[in-house]
Amino acid sequence: MTDVFQSGPDDIQIVRRETCFSGFYRLQRLHFRHRLFSGGMSPEIERELFVRHDAVCVLPYDVARDRVVLIEQFRVGAIGKVANPWLIELVAGLIDKDEQPDEVARREAVEEAGLSLGQLMPITNYLPSPGGSDEFVHLFLGSCDSEGAGGIHGLVDEGEDIRVHVWPLDEALAQVEDGRIGNAATIIALQWLALNRQRVLEAWA
């Protein structure tokens, strides 16, 4: 396997950091240098960075019925990019309080889907768009009882209008395959579950 670069404290030099906008999200402009593969340091580089809270996403899974719970909601970033900006997604929220990722997963499951989660299994952590954003995602699988799940949920004061769907896992995977599910976290979680279904069954049986 090819060696990958292992950075040290002297391999990135932040020259200065400017705030371009500060609201619920922030936009910063960074001036920096970094170590080159050929040796030495790069010239000063300028990049804008979208600064936002880290996120937690959880896929509720009813292991007894082999069903997943997904949510549907309007997403402004999808306007003009896809035919239908009402997307099928995971339960998700931002870490904007003094909370641990697993606490956010449980809170958001109640708020967005009316679900109380049982066991949580970490899937992975990842950077969804590191070329221009510092968002970091904590991705979980959560055990649940999907019987009776459904309806409209979300916090009205946060502009949330969320519809809950309960699907057999194979149906959700088919929607990934044909492109009806195009959200990155949802695709990652469903494909991970497809690969690890037996391990999850054994752990949660």
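The following numbered points comment on a predicted model.

1. Basis. Residues are numbered from 1 along each chain as its sequence is written, and side-chain values use heavy atoms, with hydrogens and water left out. Because the model is predicted, local features need pLDDT of at least 70 and side-chain atom pairs count only at pLDDT 80 or more, while totals for chains, interfaces and linings use all residues.

2. Three strands form an open sheet in the order E1-E2-E3, with antiparallel pairing; strands (E, at least two residues) and helices (H or I, at least four) are DSSP runs numbered from the N terminus, and two strands pair if DSSP finds at least two bridges between them. Strand E1 (12-22) and strand E3 (45-51) are the edge strands, each pairing on one side only. E1 is joined to strand E2 (residues 26-34) by nine bridges, and Ser22 stands opposite Arg26 in E2.

3. Cysteines. Zero disulfides are found in the whole structure, a disulfide being a pair of cysteine sulfur atoms within 2.5 Å. For Cys144, the nearest cysteine sulfur is that of Cys57, 16 Å away. Cys144 counts as buried at 12% relative accessibility, whereas Cys20 is partly exposed at 36% (buried is under 20% relative accessible area, exposed over 50%, partly exposed in between, with a 1.4 Å probe and protein chains only).

4. Glu135. This residue lies in the loop between strand E8 (120-126) and strand E9 (137-143). Glu135 is buried, with a relative accessible area of 14%. Beyond its neighbours within four places in sequence, its contacts (heavy atoms within 4.5 Å) include Arg52, His53, Asp54 and Tyr126.

5. Helix H1. The 13 residues of H1 (residues 101-113) should span 18 Å at 1.5 Å a residue, and the end C-alpha atoms are 17 Å apart, which agrees; the expected span is 1.5 Å times one less than the number of residues. Buried residues of H1 include Val104, Arg107, Glu108 and Glu112. Just after H1, Gly114 takes a positive phi of about 65°.

6. Nonpolar cores. A nonpolar core is a set of buried Ala, Val, Leu, Ile, Met, Phe, Trp, Tyr and Cys residues joined through side-chain atoms within 4.5 Å. The largest has 29 residues, and those touching the most other members include Leu59, Val68 and Leu190. Its largest share, seven residues, comes from helix H3. Apart from it lies another core of 16 residues, among them Ile95, Ala109, Cys144 and Val164.
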